[in-house]
Amino acid sequence: MRMMVAMGRRANILCVGERSADMERLAIAIAGERDGVFFVTSERAGLGVVAENRPDLVIVAEYLRQGSRDSFTRLLNNGDGIAPTPVAWLCDPADADAYSSATSAGADEVFFGDEEEVMLLARTRPLIRMSMLYEEMWRRFSLARRFGLEPETVVTPAVSEAEPKLLLLETSEAESFGGDLTEGGLTHRVSDLAAAEQELVSDAYDALLFDATDETQDWPGFCTRIRNNPRLFHLPIVAATNGEKQFDMALYRAGVTQVVFKYGDMEVWRFLSSKRARHFALGQKLNRSLRQTMHDETVDPLTWTYSPAFLSSHLLAAVGTARAMRHPISIIRVKIANYPEMAAEFSLPSLYHMTQQVAQWITQLLRTEDLVSRDLDDSFTIVLPNTPRHEAEIVRDRVLGILVNTDLAVYDVYRPVAVDLIAGIAHMEDSDSADAMMERAAP
């Protein structure tokens, strides 16, 4: 089975505090190489590096030369002008108050130095994604201003829900679990795997929690199917188990974000609940900010996807950043192969309606940070930041598979309309340019 949690990228990790072999090992495993790891010993130095260089993740030791782990974490979360940066604590295994202290200070993850690499990658991937979302927001804001748009002035619709929405899967009638993590009116419960998969596809959930103590179910296969959906690449998945290490590692390899002992300390559940709520609020803020870059000056007026000019500027900037920061980036170019036939048969309003529906379907199948542009009358380009080639291939296959098998109801056309799509894909290679990627991805 392919390891679903592979990062597909190198990360930049800042280590703050007393340097140790455990800290160095964790940081190198997450970064992917030693060159992506930086060390400072004090709170002041750590804040300075974050403000200037925006690392993907900060690992904080128990002891700092100046300042404390708690105050550093609070300052990082609340500091003006500092990018939201995830913080992981490296704790002493004997620290019984680690999770309660991390919850109070607002830390994003807790490690004890004995975690295996597959576990580290799984648990830090959603944290690093948040850093990537911020990077994407900053890039689009900067580009929008070049087009004469002040993104801060763009009004966007309010979000419909003010709390994260959790899908809870329990296949047996055993004692319930989750404590504070499952409280609130936005928790939806299901009792079988098929129902859970259908819910995740048909509705928007912010996390999945399942009880994996029912040994009759194929939990790794279930997680693998979820991760093979391009909209669910980054869905936080928490599994409660009996604590058997080999099984826990199998779940991590299949794509679970975090495995938790079902009958463990309630402080762990409270920590996860607090982290989930905090990340949801930040994610909503970043999502709204990304939508603020879409206005008359930056979009294609027909499909309300980004304009060709914005795509060109964005891809040039994204490729440059990806190369400098050692991040992967992929693009997909989707072409409506039977567009000439429909253009000859349909009226312009019907042709426009069909094109709008294709754009809507593509957009709905993507993640928040993915950019879609209608670059020609009959084609769209999708930019996938922080996406290795194998994930981009899943996105391509998903888009083609759904749209080719979807009949559109088109204005003034009195029959179902089927679109014939073809697509090409390109992943950034060494010394690649935006133009070269676009040419290589041409279908």
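Five strands make up an open sheet with parallel pairing, ordered β2-β1-β3-β4-β5. Strands here are DSSP runs of E with at least two residues, helices are runs of H or I with at least four residues, and both are numbered from the N terminus. Two strands pair if DSSP finds at least two bridges between them. β2 (37-40) and β5 (109-111) are the edge strands; each has a single partner, so one side of each lacks a neighbour in the sheet. From one strand to the next, the twist averages 25°.

This is a predicted model: local features need pLDDT of at least 70, side-chain atom pairs count only at pLDDT 80 or more, and totals for chains, interfaces and linings use all residues. Residues are numbered from 1 along each chain as its sequence is written, and side-chain values use heavy atoms, with hydrogens and water left out.

Inside this sheet, β3 (residues 57-60) pairs with β4 (residues 87-90) in the parallel sense, over three bridges. V58 stands opposite V87 in β4. Helix α5 packs on the sheet and touches β3 and β5. Its direction makes about 155° with that of β5. Contact means heavy atoms within 4.5 Å. Axes are lines fitted to C-alpha atoms, for helices over the stretch in contact, and angles run from 0 to 180 degrees between N-to-C directions.

Strand β6 (residues 166-169) has cover on both faces. L166 and L168 are buried on one side, L167 and L169 on the other. Buried means under 20% relative accessible area, with exposed over 50% and partly exposed in between (1.4 Å probe, protein chains only).

Next come the empty spaces. A probe the size of a water molecule, rolled over the atoms, shows where empty space is left. On a 1 Å grid over the protein atoms alone, a cavity is a set of points where a 1.4 Å probe fits but cannot get out; a pocket is an open set with protein on both sides within 12 Å along at least five of seven lines; lining residues have an atom within 4 Å of a point. Points are joined across faces, edges and corners, and a volume is the space filled by probe spheres set on them.

The second largest pocket holds about 570 Å³ of space. Its lining has 22 residues, with M119, R123, D248, V259 and F261 nearest the centre. Two or more lining residues come from each of α5 (117-146), α8 (245-254), β10 (258-261) and α9 (266-291). Eleven lining residues are nonpolar, four polar and seven charged. Nonpolar covers Ala, Val, Leu, Ile, Met, Phe, Trp, Tyr, Cys and Pro; charged covers Asp, Glu, Lys and Arg; the others, Gly among them, are polar.

There are four cavities of 30 Å³ or more. The second largest cavity has about 90 Å³ of space. Among its lining residues are M132, E135, H327 and N386. α5 gives the largest share, four residues. α10 (308-325) also supplies at least two. By class, this lining has six nonpolar, two polar and three charged residues.

Finally, F233 sits in the loop between α7 (219-227) and β9 (237-241). Its relative accessibility is 4%, so F233 counts as buried. Leaving out residues up to four places away in sequence, F233 touches R227, R367, E391, I394 and V395.
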